[in-house]
Amino acid sequence: MHPLPILFLRRLFRLPLLREIGLCIFCVFFLYGGQGLATIRDGGVDPNNLGKGEWIYYVSQATNHMSDSGGGVSRVASVTNIPSLMSFLNTNLHLQFVVVKAGNGDDVFPSAASPQFTSTLVNAAHAQGLKIFGYTRSFGTNLPGELSIVSNVFNAGGDGFIFDAEGEWVTNLGNKAASNAWWLCSTFRTNWPNKFLAHAPAADIQYRYGNPPSFPYKEFGYWCDVAMPQDYWNSWGMNSNANVNKYGTPAKGIEWMDSSYTIWENSLAALGNTPNGDSWTNAIKPLAPIASADDPGGTNIFGIPTQTFADITNWVYLLKTDTNVPALGGYKGCCFFRIGLQDTNNLLAGIAAATIGNPTNTPPPVIVSDIIVDNLDAGFSTTGSWSVNSTSSDKWDADYRYATATSGAATAIATWTPTILTAGNYDVSVWYPDGTNRTTNAPYTVLFNGGTASSNVNQRVNGGSWWVIASGKNFLKGTFGSVQLGNNASTNVVMADAIKFSYSTVQPSPTMSFNSISRLPDGRVRVQALSNRTNFIIEGSSNLVNWQTLTNGTISSNAVDYTDPVTNGIRRFYRGQVEP
């Protein structure tokens with residue numbers, strides 16, 4: 001979900017609109033790829049545009065209301081199993097991918113008898129439009145064993161794999177680290193030539209290992225599609241070394257990561273050729289950093305909180321607006337470690353609000369249940385004289401209503417009003433018990449978003465089943481539409497039983513339009529927009545390049561009304577974006 005007026009190609013892109021105060025700007029956006037950018041992998045995984053993700057250490061904790069390691073803090077009541085977890089990650093956190101622990105070195109995690117990375121997990125992620133990657137904490141001591149973990153992930157249907165290779169490669173392997181990393185990753189690419197591969201090293205290259213060659217950054221980088229440096233500013237902020245804790249903020253953490261990777265990247269050209277005979281500069285790949293989001297309320301050595309809502313959203317915003325980024329194409333992906341240790345007010349809320357990358361993934365199909373309003377339901381009402389009967393065997397539910405037909409204007413009207421949870425196009429069907437004393441022209445009227453549709457139904461035939469009276473009619477979210485039936489019909493009686501609203505297979509393209517942008521007396525800006533979708537994001541920018549999320553939420557009655565608190569008179573552009 002998220003952007004003055006601009007139209008996107010909608011099934012592939014989210015729909016943005018752009019406008020500046022007093023100026024309407026129309027733009028065209030193009031996607032392009034540059035030389036050296038990584039290849040799009042199986043399943044449509046784009047290393048240059050990963051988007052936003054989360055890491056899961058224990059699936060059992062994540063599915064237990066996203067609780068902590070002790071199970072004592074229940075954070076999200078609705079998450080009780082794998083499908084509800086994946087639904088939350090998609091619908092509430094707006095993720096593009098999820099990373100799940102599949103191994104610990106060469107051991108299946110949590111055990112070979114009960115692996116947590118399964119086809120059930122993968123299918124649930126895919127049903128929500130999420131990419132899912134497995135990972136192992138890589139030690140480099142049993143390389144075939146670690147590759148067996150990779151095999152398990154792909155056999156389960158996983159979209160990619162990440163080697164969480166850290167300090168153990170230095171302490172365990174010494175001068176063998178480089179050759180082992182080359183063998184491990186080159187063998188991965190031989191076995192799975194089109195699969196996504198990443199590694200997750202430390203971000204503070206120079207400080208952590210003294211000099212880059214002691215950790216095989218270039219060997220991992222050469223074969224991997226993406227590097228996921230652990231930009232753990234909160235951990236640095238807790239370090240007693242003043243040369244480290246000075247980087248204990250989101251801005252300073254990114255500064256240190258940028259500096260470390262820039263120095264390393266600039267050193268590669270002088271290192272000669274790889275074992276394949278090409279330059280080590282081919283180890284430079286897109287970066288999708290990891291933020292440590294696992295200590296709500298945590299503070300640095302000076303007692304300043306380091307994992308707040310603002311820390312999370314600012315970190316992502318600073319990645320997107322970074323002018324010193326060493327990553328190819330800029331930062332178009334990031335992720336957070338880890339689910340189960342994230343509170344709802346700060347970490348989960350911040351992750352939900354943050355956006356990164358260009359959303360080009362096709363969303364999963366919308367599944368909307370039929371809405372049936374019976375004469376016994378709260379959505380049914382009448383005026384005039386209607387009788388109740390239950391003798392017909394082809395009725396819907398327990399009984400039905402009927403009224404005597406009359407010529408001229410209707411003296412009795414039945415109304416069915418659905419509660420629409422998902423705005424869109426609906427097919428409308430009627431159910432009635434037929435009989436020889438029924439009218440042949442029961443006058444149904446469908447009141448929808450944009451007009452009305454009338455249909456006269458012969459109630460002497462086709463009873464006891466659903467009979468379509470209108471197709472593809474647009475209904476807003478809420479109780480704005482209805483179906484009415486009057487008794488202004490020829491002869492005998494008019495039957496009122498049940499109405500069904502079925503989400504149509506063909507839906508309108510999502511739209512959003514700014515209908516008013518005005519400056520208030522105190523300098524704030526009020527933005528008003530209309531949309532035919534449910535969820536939205538509004539972003540602001542001073543230059544049409546760097547965008548910051550201002551607000552998001554659920555559209556009420558298809559209208560958005562947002563007031564920007566900025567009052568310093570700077571030029572500001574706005575764009576809105578809605579869900580597919």
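Buried means under 20% relative accessible area, exposed over 50% and partly exposed in between, using a 1.4 Å probe and protein chains only. This is a predicted model, where local features need pLDDT of at least 70, side-chain atom pairs count only at pLDDT 80 or more, and totals for chains, interfaces and linings use all residues. Residues are numbered from 1 along each chain as its sequence is written, and side-chain values use heavy atoms, with hydrogens and water left out.

**Exercise 1.** Classify the aromatic pair of Tyr222 and Trp280, then work out which parts it ties together.

*Solution.* Start with the rule: rings of Phe, Tyr and Trp (its six-membered ring) pair if their centres lie within 6.5 Å; planes under 30 degrees apart are stacked, over 60 edge-to-face, the rest tilted. That gives 34 aromatic pairs. For Tyr222 and Trp280, the centres are 6.0 Å apart and the planes make 75 degrees, so call it edge-to-face. Next, place the residues: Tyr222 is in helix 8 (residues 217–223), while Trp280 is in the loop between helix 11 (250–267) and strand 9 (290–292), so the pair ties together parts 58 residues apart in sequence. (Helices, H or I of at least four residues, and strands, E of at least two, are DSSP runs numbered from the N terminus.)

**Exercise 2.** Are Tyr222 and Trp280 buried or exposed?

*Solution.* Tyr222 has 12% relative accessibility, so it's buried. Trp280, at 5%, is buried too.

**Exercise 3.** Which charged end sits over the ring of Trp280?

*Solution.* Check for NZ of Lys or CZ of Arg within 6 Å of the ring centre and within 35 degrees of the ring normal. Lys218 is the one, 5.0 Å from the centre.
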